[in-house]
Amino acid sequence: MNIFPPSDQRLYPFEFYAEMRRLNPVAYDDHHNLWGVFRYSDIQNILGDYVTFSSAPQKLDSWSTEKNQNADTAYRFQRQNLVQSDPPYHRTLRGVIASAFTPTIIAKLEPHIEEIAHEMLNKLIQKGSMDLIEDLAYPLPVTIIAELLGVPIEDRDLFRGWADKILPSTPAERYRTDDEHGTSKNIAQVINEMNSYFSNIVEKRTQNPREDLITNLIQARADGRSLYKDEILTFCTLLLLAGHVTTVNLIGNTILSLLQNPREFRLLQGDRTLIPSTIEETLRYRSPAQAVGRTVTKDTELGGQKLQSGQRIIAWLGSANHDESVFTDPERFDITRFKSFHHPAHIGFCNGIHFCLGAPLARLEGQVVLRIILQRLQDLRLDIDSQDQKSKRQDLIPVQSFFLHGVTHLPLQFQRGPIKDGRN
Ligand code: HEM
């Protein structure tokens, strides 16, 4: 059974998810050798039990026997990767970096993020049109994470090229099946390129420490030791990629959802205190990360199905966030849903020990961009030729990754807002 939304429903996978939750909440996909899990409660069970559902990559037997160097590079990268590790190693790695991402530390970045967003908008405001993704949603988070790490933002095309190559666009790429070796080779090439790029910067920071995350990583102590160089390089790669590939979609998905729900958009324009809850509702409704992967470590039962040790799982966060047994009227984009404290939590940032480390930063970036768009732009609308809503849906192109959710371009038209506080 297919556990992936059909390719023509990538931007609107909600009906597919609803049917899976109803009829096949834990389903086996023979073609990809994967379990797909769709209900909120089953996914929460997975995320809460890292012993049975491991994040660590499983080394395939063929890798060592064939001494496939590329596969080994990919495996080594994954094994030292925070997001693909289990306790106790996960605790060690997370402890090194967690203090740099607390909400209090991140909140201090707000004026700087605002300044950058204003500068980006200053360049566009005269034109009356922009591609939200190219002009704002992508450059803003990549600039911030590059600054935090201490790498030159002029290299951002390089970062984008790496992200495009390394992020799996098909399940086969992520869960090596028929193209195992071709994929390992491509990924190994990118990892080697990134490693030599960061290696250079790590050398420089070791000689001349600065106030940035790379210097923090060099100076950090974990379990009484410094991090190994490989671990530092893997961290740099993870933070650079995780720091921008999802936030771009949070910003794009927020504006897209508001434009498709004009009543909610008007509500927000009249009440800016709804900005944080609008961002939370986007994280639920159009979750930028739709899925996480895990591996079963011992025979177990889930949702009435028997899972065997060694089998792999895709937990569809995007489906859990639309689960009707948890969220009232889940197919409605409702920006007041998360206004009070009395609501079930969405799991757009995952849950459990791997809860997204960058959540405070992603939330802040999303809120700042939305606030500035509301302040400075008026009469915002989609700039596509289509005459009716139905074909508008077809004109938007989904991002090429099976676990990310967003659009590649979001062309907008707008009027310049009135001048306030010396701006516009
Ligand atoms: C809207 C934006 C974002 C979304 C939706 C998102 C989503 C996620 C999800 C679902 C996970 C869990 C993966 C798993 O369990 O397999 C995760 C982990 C992680 N995220 Fe994010 N993320 C976002 C932004 C960021 C940013 C801005 C950063 C960095 C600055 C970041 C850094 C990380 C890291 C380091 C982890 C690994 C945490 C761990 O394994 O303990 N993320 N994120």
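This is a predicted model: local features need pLDDT of at least 70, side-chain atom pairs count only at pLDDT 80 or more; totals for chains, interfaces and linings use all residues.
Visitor: Which strands stand at the edges of the open sheet of 5 strands?
Guide: The order to follow is 1-2-10-7-3, and the pairing is mixed.

Visitor: What is the bridge partner of Tyr-28 in strand 2?
Guide: Strand 2 covers residues 34-37. Its pairing with strand 1 is antiparallel and runs over 4 bridges. In strand 2, Tyr-28 has as its bridge partner Trp-35.

Visitor: Which residues have the most contacts inside the largest nonpolar core?
Guide: In soluble globular proteins, nonpolar side chains tend to be buried together. Here the largest nonpolar core has 95 residues. Beyond its neighbours within four places in sequence, Val-37 is in contact with residues including Val-26, Ile-43, Leu-302 and Trp-316. The residues with the most contacts inside this core are Val-37, Leu-149 and Ala-315.

Visitor: Is helix 15 mostly covered or mostly uncovered, and how many of its residues are buried?
Guide: Helix 15 (residues 247-260) reaches 20 Å from its first C-alpha to its last, close to the 20 Å expected at 1.5 Å a residue. Its buried residues include Thr-247, Asn-253 and Leu-258. Among the elements that cover them are helix 8 (132-137), helix 14 (229-245) and helix 19 (359-376). Helix 15 is thus mostly covered, with a buried count of 11 of its 14 residues.

Visitor: Which helix gives the most to the shell around the ligand?
Guide: Of the 24 residues around the ligand, Thr-246, His-354, Cys-356, Gly-358 and Ala-362 come nearest. The elements that give two or more residues to this shell are helix 14, helix 15 and helix 19. With 4 residues, the one that gives the most is helix 14.

Visitor: How many charged residues does the shell around the ligand have?
Guide: Sorting the shell by class gives 16 nonpolar residues. A further 7 are polar. The count of charged residues is 1.

Note on methods:
Residues are numbered from 1 along each chain as its sequence is written. The expected span of a helix is 1.5 Å times one less than its number of residues. A residue is buried if 20 or more other C-beta atoms lie within 10 Å of its own, exposed if 12 or fewer, and partly exposed in between; C-beta atoms are placed from the backbone. Two residues are in contact if their C-beta atoms, placed from the backbone, lie within 7 Å. Two strands pair if DSSP finds at least two bridges between them. A nonpolar core is a set of buried Ala, Val, Leu, Ile, Met, Phe, Trp, Tyr and Cys residues joined through C-beta atoms within 7 Å. A residue is near a molecule or strand if its C-beta atom, placed from the backbone, lies within 6 Å of it. Ala, Val, Leu, Ile, Met, Phe, Trp, Tyr, Cys and Pro count as nonpolar, Asp, Glu, Lys and Arg as charged, and the others, Gly among them, as polar.
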